[in-house]
Amino acid sequence: MVGTVEDITGISGFGKYLTAMLELDAFFLNEDRHTNNIAVIYNKRTDGYRVCEYFDHGLALLADTMVDFPLGIAVEELMGSVEAKPFARNFDEQMDAAEELYGQQLFFTFQMKDMLKILEQSRKMYSEEICGRVEKILRYQIRKYNFFFK
């Protein structure tokens, strides 16, 4: 896929871009990264392409509380049923394959305290149950993917 995109668009480094996307999806448990959510942008003026900003993270962090990840079920149980896309059903499997080819691309410079500040602001809009769930997921993911943090 990377070679085809680079050949068609002339974009170099698409593999690194894709790797960072898969790493981000793994960290935030974004199960909606199908091939229609991987894009490049064409600029008619310059007749050139560039990578697109990452988008559509709407199903990250077990966000589908109505159907797939209902409230009231243990986060640990729910996290085991999240499936990655588009290259494998397992986030680590597809991320590791990409990193083997292009190296680790994602490095976070924030800490848990920074995320807690943002989460605190969210408590005005979301229930304590949802905010508590997000905090639990983030704490787990930070421990699991501590290599993303500098």
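**View 1. Helix α2 is mostly covered, with 13 of its 15 residues buried.** Buried means under 20% relative accessible area, exposed over 50%, and partly exposed in between (1.4 Å probe, protein chains only). The model is predicted: local features need pLDDT of at least 70, side-chain atom pairs count only at pLDDT 80 or more, and totals for chains, interfaces and linings use all residues. Residues are numbered from 1 along each chain as its sequence is written, and side-chain values use heavy atoms, with hydrogens and water left out. Helix α2 covers residues 14-28 and reaches 21 Å from its first C-alpha to its last, close to the 21 Å expected at 1.5 Å a residue. The expected span is 1.5 Å times one less than the number of residues. Helices (H or I, at least four residues) and strands (E, at least two) are DSSP runs, numbered from the N terminus.

**View 2. Helices α1 and α2 pack at an angle of about 130 degrees.** Helix α1 is residues 2-9, and the two axes are 9 Å apart. Axes are lines fitted to C-alpha atoms, for helices over the stretch in contact, and angles run from 0 to 180 degrees between N-to-C directions. The angle makes α1 oblique to α2; angles under 35 degrees count as roughly parallel, over 145 as roughly antiparallel, 65 to 115 as roughly perpendicular and the rest as oblique. On the α1 side the contact is made by V2, V5 and E6, and on the α2 side by F14, G15 and L18. Contact means heavy atoms within 4.5 Å.

**View 3. Helices α2 and α6 cross at roughly 130 degrees.** Their axes come within 9 Å. That makes α2 oblique to α6. Here A26, F27 and F28 of α2 meet L138, Q141 and I142 of α6.

**View 4. The largest nonpolar core has 26 residues.** A nonpolar core is a set of buried Ala, Val, Leu, Ile, Met, Phe, Trp, Tyr and Cys residues joined through side-chain atoms within 4.5 Å. Those with the most contacts inside the largest core are F27, L29, L62, F108 and F148. At least two residues of this core come from each of α2, α3 (75-79), α4 (91-102), α5 (112-122) and α6 (128-144). Helix α6 gives the most, with five residues. A second, separate core has 11 residues, among them I11, F14, L18 and M21.

View 5. Most residues other than glycine have a negative phi. L29 is buried, with a relative accessible area of 7%. Leaving aside neighbours within four places in sequence, the contacts of L29 include L59, L62, M79, F91 and I137. L62 is in the loop between β2 (48-51) and α3 and is buried, with a relative accessible area of 1%.

**View 6. The peptide bond from K85 to P86 is cis.** Its omega is near 0 degrees. P86 is placed in the loop between α3 and α4. Most peptide bonds are trans.

**View 7. T109 is exposed, with a relative accessible area of 69%.** T109 is found in the loop between α4 and α5. The C-alpha atoms of T109 and A63 are separated by 24 Å, and the two residues are 46 apart along the chain.
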